[in-house]
Amino acid sequence: MLDIQKLINNKKINQFHNSKEINFIVKSYLSDKINDQDMAAWLKEIFDNGMSINETIFYTDSIINSGQKIKFDNLDGYVLDKHSTGGIGDKVSLILGPILAACGIYVPMVVGRHLGHTGGTLDKLESIPGYNGLIDINSFKKNVKNVGISIIGQTNEICPADRKIYSLRDKTDTIASLPLICGSIMSKKISEGIQGLVLDIKYGNGAFLESKEEGQKLGELLSLIGSKFDVDVKYLGTSMNQPLGNFSGLSCEIIESINCLNGKGPEDLMKVVFDLGKVACSLAKINSAEEKMLNVINNGKAYEIFEKMVYEHGGNLNSLHCTYTDSIDIKAKESGKLQFINTKKIGEAINFINILTGKKDNSSGAEFFKKNNDTIDKGDVILRLFSNNMDNLRVAERLVYESYSIN
Ligand code: URA
């Protein structure tokens, strides 16, 4: 008879779990037979002591089997997805997904909500009035076939165990663990029925894994797990030592993504989009990738696909807005060179004003006017925080003051 207390103790003394034990934990937690407290204790042991490769495979497999695994057998192109390990202002999936679909790749995308200090693609999409990111599998498959891309969250049908564990990890500070990140990402991606996966492994002071080396270790682990489940994985390490692009929040990130799809994206953000896009195209055996991606931006096809996807999910882009009553400008108190030294604090501030105050504020967020190494004068606005609640903004302001230095 398996018992969670015994399994927690086994992990404490570094004993390996077998597949039956991991299945028992994942299944019992999903069906409420293991409570949050015991699951959190088990997650903490994994966070502290890690998992072997075999355990990580069993864990990923258990989460996949908590729902269904999609099969695409009537598509005339390569089936691929892109995923990021999480960042601030990281809206690359929203831009690159439609670009790849416009280049002929089919993109089924299962994403998460905000996790720790990082933003969630599903939260951002839900700032579009009417957008339903929890559609059933058949509608998801139909959208992928007809539009080229569909973006949903974990549902009762796809990776329900990840949805529940993800939320508990968020509350219990057990996020930055290689096997837990790996199980969470790869279960979603393998369940989508993809052939290839491009991963954006974020490193730096705004990422879960700060060092490039840790990021690389995660990339290798994710690739290995992919190969065990017949998914071709390629990864790039990209810096999260400052917010990506000019906005971070909910509807403001959708608006910035639309601008990018219309050829008006900021340079740092578009560089990541194109770098990852080239890797995706190489997996899909598409030549002259950069030229093709630029072409579908310039001829409007990429935006058209984004618009169509939103429509098929019930969203109304005409009602999308970012209107707020209050804002605070964060100004330089001295002159010098700017460095974001703790970008996580910006993510915490943004999630606080967006989501964590009890009432979701789709129009809250931040606009960034300066980047690392910019020379600034005393009084220059570094960034603007905006929302519909001044008290919340004051809390966010204090967090942001800890995020940068001027040398
Ligand atoms: N993205 C995920 O989907 N899961 C994690 O654990 C981290 C980033």
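Where is the place of Ser177? I found Ser177 in the loop between H8 and H9. I note at the start that this is a predicted model.

**Entry: Ser177**

I looked up the exposure of Ser177 and read a relative accessible area of 4%, so Ser177 counts as buried. I then listed its contacts, leaving aside neighbours within four places in sequence, and got Ile46 and Phe47.

**Entry: backbone angles**

I checked for positive phi in residues other than glycine, and Asp173 has a value near 60°. Asp173 is in the loop between H8 and H9. Is Asp173 buried or exposed? I read a relative accessible area of 63% for Asp173, which makes this residue exposed.

Cys159 also has a positive phi, near 50°, and is not a glycine. I placed Cys159 in the loop between strand E3 (149–153) and H8. Its relative accessibility is 0%, so I put Cys159 down as buried.

**Entry: cysteines**

How many disulfides does the structure hold? I counted zero. I looked at Cys182 in particular: the closest cysteine sulfur belongs to Cys159 and is 13 Å from the sulfur of Cys182, so the two are too far apart for a bond. Cys182 has a relative accessible area of 0% and is therefore buried. Cys260 is in no disulfide either, and the nearest cysteine sulfur, in Cys252, is 12 Å away. I read a relative accessible area of 1% for Cys260, so Cys260 is buried.

**Entry: cavities**

I searched for cavities of 30 Å³ or more and found three in the structure. The largest cavity has a volume of about 340 Å³. Its lining is made of 28 residues. Which of them lie nearest its centre? I noted His83, Ser84, Thr85, Gly86 and Tyr166.

I sorted the lining by element. At least two residues each come from strand E1 (80–84), helix H5 (92–102), strand E2 (107–111), helix H6 (121–125), helix H8 (160–172) and helix H9 (178–191). H9 gives the most to this lining, with four residues.

**Entry: nonpolar cores**

The largest nonpolar core has 76 residues, and I found that Phe306, Leu383 and Leu385 touch the most other members. Helix H12 (residues 267–283) supplies the largest share of this core, 10 residues. I checked the core against the domains, and at least three residues come from each of domain 2 (80–318) and domain 3 (326–406).

Leaving aside neighbours within four places in sequence, Leu383 is in contact with Ile328, Asp329, Ile330, Phe340, Ile346, Ala366, Glu367, Phe368, Phe369 and Val400. A second, separate core has 53 residues, including Ile4, Ile137, Phe229 and Val231.

**Entry: domains**

I wrote down the division of the chain: domain 1 (4–50), domain 2 (80–318) and domain 3 (326–406). How many Å separate the centres of domain 1 and domain 2? I got 29 Å, with the centres taken over C-alpha atoms. The contact between them takes 12 residues from domain 1 and 14 residues from domain 2.

Definitions and conventions: Residues numbered from 1 in each chain as written. Predicted model: local features only at pLDDT ≥ 70, side-chain atom pairs only at ≥ 80, totals over all residues. Heavy atoms only, no water. Core = buried A, V, L, I, M, F, W, Y, C linked by side-chain atoms within 4.5 Å. Buried < 20%, exposed > 50% of the residue type's maximum accessible area, 1.4 Å probe, protein only. Domains from an automatic or database assignment. Contact = heavy atoms within 4.5 Å. Disulfide = S-S within 2.5 Å. 1 Å grid on protein atoms, 1.4 Å probe; cavity = no way out; pocket = protein on both sides within 12 Å on 5 of 7 lines; lining within 4 Å. Points joined across faces, edges and corners; volume = space filled by probe spheres on them.
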